[in-house]
Amino acid sequence: MTRLYLRIISIIMILTGAYIALVAFCSRYSMLKELSDYDHMPELRELYSAGEYEKVIQLGERMKNSNWCSDSEELENYLADARKRNGFAGISCVRFIRGFFTGSDKSTADAAGAIISDLFVYGDVRDLLVQGGLAATGQESDKMLLAVSGTGLLFEILPIANWFPAVLKYLYRSGSLTAEFKSVLWRSLKHLKEYRKLDAAGKRIFSDLASLFRRCGLSGSADIMKFVKSPKQLAAAKRLAEKNPDAAVLAVKATKGEVLSSSFKVSDTVLFRYARKGTAGLFALKRSKLMAAVKIISSGRAGAFLREFSRQSKTCRNILFSLSAGLVFAGTALFCFTGSGRKKQENSGENEKTEEKSQEKE
C-alpha cells in the first residue's frame, strides 16, 4: 500500500508541475479584462503643444462623448483652454473666406469654405486654372486634383450631386487618402469621365463616403480615411460610423485601422469593446478561442494566483517554469523508483518459485 501511495503522489507531482508550466506559458497572453484602454491623451497633448486648438477640441469632444479618457479632469482643462484660444468668431469668418477663395484646408473653417466653393462651378474652375497654369509653365501639376475638379464640372453638367467631388478634394488636400485608395478612386474617375456615369464600384464608394461624411463630419472622415485602403474597409468604416461616429473615429485611430479588417466576424458592439484596448485588444479577439482556454486554465484561486505572479515579470515566470521542471523531474523519478522496486519484488518472487519447483523435482 505504501508503494501505491508513493505512485499516486508522484503522479500528482507530475500533473501539478505540468499545470504550473501551462499557466505560466498562458500568462503571456492577455485577456480582455487585463488590458487597459488605449490612451488618446498623448495625442491630445501633442496637438495642444503644436497650437492645433481646433483639433484638440474635436478630439476631446469625441473622447468625452465616448467616455474614452484616462484622466477626465485633465481633459476638461485642455478643452476649456483650447476653446478660449480658438473661440474668436472673427478668426473663423476670415478662415472661411480664405478657404472659399484659395481652397485652403488648414482648419475646419478653411475646409468648410473650400467645400462650399467646390459646390459651385467657381471652386472647380479655380483649381483647373491653377493646375493648368502650373502645367503651362512647365511645373508639375496635380493630376488627381485635376481629375477631381474636372469631375466636379461634369457633375454640374450632368447634373449629379456635386458635393461628392468637393468632399473628395478636401480629403485629398488634407493628405487623408492612402495610396491604395487613390488608385481605386483613379479608376472610378477615369470610368466616369469616359462613360459619363459611375461604375458599380464607384457608386458604392460614393454611397459609403456620403454616409461616412454625414456621420463623422470633416475631421472625423479625414481621420478615418487615413487608414482606409480598399472599398471593403470603407464599407466597414461606414458601418461603424452608423453605430457610433465618435467611437468609430477613436477605434480606427487606436488600432491603426486594423478594426476595419473583414476578418472579424463579431457584432459591432463586441468589436468596439475590443478596439478600445487598441491593437492588443484586436489580438485578443483574433485568438478568442485560445483566450477562452486560458481563462479556464487560470480559473480558481490557485490558477489566478499563479497567473498574477507570472505576469509580474519575466523572472517570476522563469521561477514558475523552474518549479514546474523540479516537480515533474521529482515526480518522474519517484514514479520510476516505485516501479523498479515492484519489479524487483516480482522477480524475487519468481525466483523463489523456480527454486521451490527445482527442489521438488530433486
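Reader: Which residues of helix α17 are buried?

Author: Happy to start there, with two notes on the model. This is a predicted model, where local features need pLDDT of at least 70, side-chain atom pairs count only at pLDDT 80 or more, and totals for chains, interfaces and linings use all residues. Residues are numbered from 1 along each chain as its sequence is written, and side-chain values use heavy atoms, with hydrogens and water left out. In α17 (residues 300–310), the buried residues are Gly 303, Leu 306, Arg 307 and Ser 310. Buried means under 20% relative accessible area, exposed over 50%, and partly exposed in between (1.4 Å probe, protein chains only). Helices are DSSP runs of H or I with at least four residues, strands are runs of E with at least two, and both are numbered from the N terminus.

Reader: What makes the buried residues of α17 line one face of the helix?

Author: Seen down the axis of α17, they fall within an arc of 100 degrees, so they line one face. The arc is that of the directions from the helix axis to the C-beta atoms. On the other side of α17, Arg 301 and Phe 305 are exposed.

Reader: What puts the buried residues of α15 on the same side?

Author: In α15 (residues 279–286), the buried residues are Gly 281, Leu 282, Ala 284 and Leu 285. Their arc around the axis is only 155 degrees, which puts them on the same side of α15. These buried residues pack against α14 and α16 (288–297), where contact means heavy atoms within 4.5 Å.

Reader: Why are α10 and α11 called oblique to each other?

Author: Helix α10 (residues 179–195) packs with helix α11 (residues 200–225) at an angle of about 135 degrees, and their axes are 12 Å apart. Axes are lines fitted to C-alpha atoms, for helices over the stretch in contact, and angles run from 0 to 180 degrees between N-to-C directions. Angles under 35 degrees count as roughly parallel, over 145 as roughly antiparallel, 65 to 115 as roughly perpendicular, and the rest as oblique. The two helices are therefore oblique to each other.

Reader: Which residues make that contact, and how many of them are charged?

Author: Phe 181, Val 184, Leu 185 and Ser 188 of α10 meet Ala 201, Gly 202, Ile 205 and Met 225 of α11. By class, the contact has six nonpolar, two polar and no charged residues. Ala, Val, Leu, Ile, Met, Phe, Trp, Tyr, Cys and Pro count as nonpolar, Asp, Glu, Lys and Arg as charged, and the others, Gly among them, as polar.

Reader: Is Ser 10 buried or exposed?

Author: Ser 10, in helix α1 (residues 2–26), has a relative accessible area of 0%, so this serine is buried. Not counting residues up to four places away in sequence, Ser 10 touches Gly 331, Leu 334 and Phe 335.

Reader: Why does Asn 67 count as exposed?

Author: Its relative accessibility is 64%, so Asn 67 counts as exposed. Asn 67 is in the loop between α3 (53–65) and α4 (72–86), with a positive phi of about 50 degrees although it is not a glycine. Most residues other than glycine have a negative phi.

Reader: What makes Lys 256 exposed?

Author: Lys 256 has a relative accessible area of 51%, so this lysine is exposed. Lys 256 lies in the loop between α13 (245–254) and α14 (268–275), and its phi is positive, near 55 degrees.
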